[in-house]
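Let's take a walk through this model together. Have the viewer open, and follow along from one part to the next.

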Amino acid sequence: MQKHRRRVVITGKGAITPLGHNVDQLYDAQVHGRSGIAMIRNFDASTFPTKFAAEVKDFRLSDYFPDADRWRHAGPNTRFALVAAKEALADADMPSSLDRSRFGVYLGNGDGSNDFPNLISAIARATQAESRANPSVFFEAALSTFEAGHEYELEMHTTAGRLAQLFDLQGPNYTCQTACAASSQAVGEAVEMIRADDADIMLSGGAHSMIHPFGVTGFNLLTALSTHNDEPVKASRPFDLNRDGFVLGEGAGMVVLEELEHAKRRGAKIYGEMTGYGTTADAYRVTDSHPDGRGAIACIRMALEDSGLSPTDIGYINAHGTSTQVNDRVETLAIKNVFGEQAYKIPVSSNKSMMGHLISAAGVAELIVSIMCLQKHVLPPTINYETPDPECDLDYIPNVAREKRVDHILSNSFGFGGQNISLIVSRFRD
Amino acid sequence: MARSFPRVVITGLGAITPIGNDSASIWQALVEGRSGIAPIQAFDASKLPSRIGGEIHDFTPRKYLNRADPRENVALKGLKMMARTIQLALVASKLAMSDAGAAPGSIEPSRFGLEFGATMISIEVDDLVAASKVSSNGQPGQVDLVTWGKEGLPSIEPLWMLKFLPNMPACHISILHDAQGPSNTITEGEVAGLMAIGEAVRILRRGQADFFLTGAADSKLSLLSIARHELFLPLTRRNEEPKRAVRPFDQSRDGTAIGEGTTVFAVETLEHAQKRGATIHAEILGFGSAFDTRRDGQGMARAMRAALRQADLAPGDIDFVSAHGLGSIEFDQIEAKAIADVFGSGPDAPAVFGSKGWTGYLGAASGPVELAFALMAMRHGQLPPTLNCDHPDPACPIRVHHAGMRPVTKPYFLKLGYTDLGQCAALVVRRWDG
């Protein structure tokens, strides 16, 4: 292990995802290979290039909070975050006598979605006579139709702020946004804040939904999404030769991170220990990952070094595995580069094959699945794995879950713009 | 004092603000008391309740980039896919590198980190004109999604979304300077930039990098962004006297003004700075952050105390506090209460300096730009007055410095920032006397 430093353990977890409203439902669907992907219900996507997504189903905030109306202006990010945080804090079973000033929040949160109907109609109105928007017409339309509370809640710091207000968390309160790596980065930096003695407990994770007209428009324009409209449940096929893009998901995941001695003193359940964290940038292209996986390799190495573990200690890799051509090839390359021959002996799977890509919330949701693997000794499969890709030749746990007891799990998250995060979670040993 | 972690110093800064596009012009404006707030010129703002703002003038990103340099040429070609916020950050990052005397390629890429602050970067409405016109008749809220999907969506530029993703400033900057180390974008409202600097310090101390570019850029002067902020930000109605409009801690303050700006710092370990023979501007001694659950200033006070504790200083060591000083009735009072709680209100309490009278509200860039002003004051040994605080509000029990230049005698200052929801952060800085 590393030189003397404060150790950080996980004492609570919560998740609301396309695979259910809590952690048990998420993990159960994962190990049974059940997909949460279907035609989009949030809005009419019938003429979009991609018409399906992994949505959170049957969700009403009032089922969880009788006074849900107080968050009526909040968007899905905050709504999902509230539910996941509530589950995580109940799971952690915190005493009421805690020093609240030592209890912080660190989220990787997405930005909210602009008011699509009112914004687009305001632009149309402001451009009836001209090809560029007439500011006066635009302002009149926008100021008379935009809802102030809703506009405010689009800002990314509001989610972490709402959690701190509700649960009286007075410690450091951070939000980061590094695209698909954000919630993993949030967890990594939250661990570092506890190690650095800036806090004893951090509620950390992320929330995001981009299943809205602007989100699907943006990703469709980038041709990043699968267009497998005929058979949505088959669309997310990480590492399969015929993968054609990722599938948007939505939701939130939260973990309670706690300094080890603090957790022991209060007799907390300990689900695992956060042992390694790596963060690097590709510094290559805004649109593509580095073709040799330069940033990803350095990132995994940094996490291993941080944990003091050797590559042979890693028993399972929870891959970023987006189901895009480039990501899955480069991630495979990076794993082989770091682990060498050992790479072929480590099971690797992508939770996104079932729950889609939760964007900012993806990393923490996958970390939570990994934590469950430490408890239950069953590793989730990569579903829809039918045709091997010669460039992706690792053991991806094809289609059927596998029983295996592992002690150390690597979880990767790689974001747009070349943002790389790797986390290592380990079975707790005193 | 026993230090178990590396010392962290500031060795460069690049700033583009409503009062100047380089350090010399900015200092000149601060000395002359020349506010950068004026009637908005970027577009016809006559229909807005608050029509004044802190605009940057004469900003031509192209001028800062050299086509002959392959990396700068990539940035040049990418400019059209960057919102103004991203362009500002990119250019400021280059100015910071040059101020730090860090030649391209001279910092080991794997030890070169980025920490930027951002708020929501706004969509530019002119990018959606064709798609909107075909899908909506302009009646409020009426959009035909079927037409949008079929005809609207394909009319939009393919890379459209990358123009405003919050992490894009850091991504473009990573490519420009080949920064392959830790990289994060903090999105904590108007305290984001300050918190990004705090995180850079934390990472340098734990040894995962030697050198950081850190700070933020933010421009709210686009049609959508300003419309949104008119709805939820407390904005002044003093449209007739823009230079006197934003009045931190003054009795007759009535809100802030929208603005734009950027500051990016080169921050590194002392050892790294000395090894490369850098000129050191200042040392960062402490950082603290907290949440004001009750919005009563207790969180701000805790953040300041944490920063002082980390710096191993007593409140009496601090020469001046660079406040957030939004210029709103409510928040200035809360902030003053917090500062008084930590530093007292007596004759020995530090002077308080608020700089939004010059610039207005700069979103994520508020902290970094105001930190740059404070560093200049410390370097020149003179603290400019809090502009427009003609009659300090007795409900703000602090010693606002509001007239003339005041000598800076002690070598330490504290920078405070917060969000309207309650996130707050404080940074303690020491003058570098060698």
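Helices here are DSSP runs of H or I with at least four residues, strands are runs of E with at least two, and both are numbered from the N terminus. Please keep in mind that this is a predicted model. With those rules, chain B holds 13 helices and 14 strands. How compact is chain B beside a globular protein of that length? Its radius of gyration is 21 Å, close to the 22 Å that the globule rule gives for 434 residues, so chain B is as compact as a globular protein of that length.

Next, look inside chain B. Of its 434 residues, 66% count as buried. Consider also the contacts in chain B between residues at least 6 apart in sequence: 78% of these join residues at least 24 apart.

Now for the domains. Chain B is divided into domain 1 (8-124 + 159-275), domain 2 (125-155) and domain 3 (286-431). Between domain 1 of chain B and domain 2 of chain B, the C-alpha centres lie 32 Å apart. Where these two domains touch, five residues of domain 1 of chain B are in contact with four residues of domain 2 of chain B. The domain 1 side of that contact in chain B has four nonpolar residues, one charged residue and no polar ones.

Chain A comes next. Its domain assignment gives domain 1 (9-113 + 154-426) and domain 2 (116-152). Taken over C-alpha atoms, the centres of domain 1 of chain A and domain 2 of chain A are separated by 36 Å. Eight residues of domain 1 of chain A are in contact with five residues of domain 2 of chain A. Which classes make up the domain 1 side of this contact in chain A? That side has three nonpolar, four polar and one charged residues.

Finally, bring the two chains together. The contact between them takes 77 residues from chain A and 79 residues from chain B. Helix 4 of chain A, residues 135-145, gives the largest share of the side of chain A that touches chain B, with nine residues. By class, the side of chain A that touches chain B has 36 nonpolar, 31 polar and 10 charged residues.

Key: Residues numbered from 1 in each chain as written. Chains lettered and ligands numbered in written order. Predicted model: local features only at pLDDT ≥ 70, side-chain atom pairs only at ≥ 80, totals over all residues. Contact = placed C-beta atoms within 7 Å. Nonpolar A, V, L, I, M, F, W, Y, C, P; charged D, E, K, R; others polar. Domains from an automatic or database assignment. Rg over C-alpha atoms; globule rule 2.2 N^0.38 Å. Buried ≥ 20, exposed ≤ 12 C-beta atoms within 10 Å, placed from the backbone.
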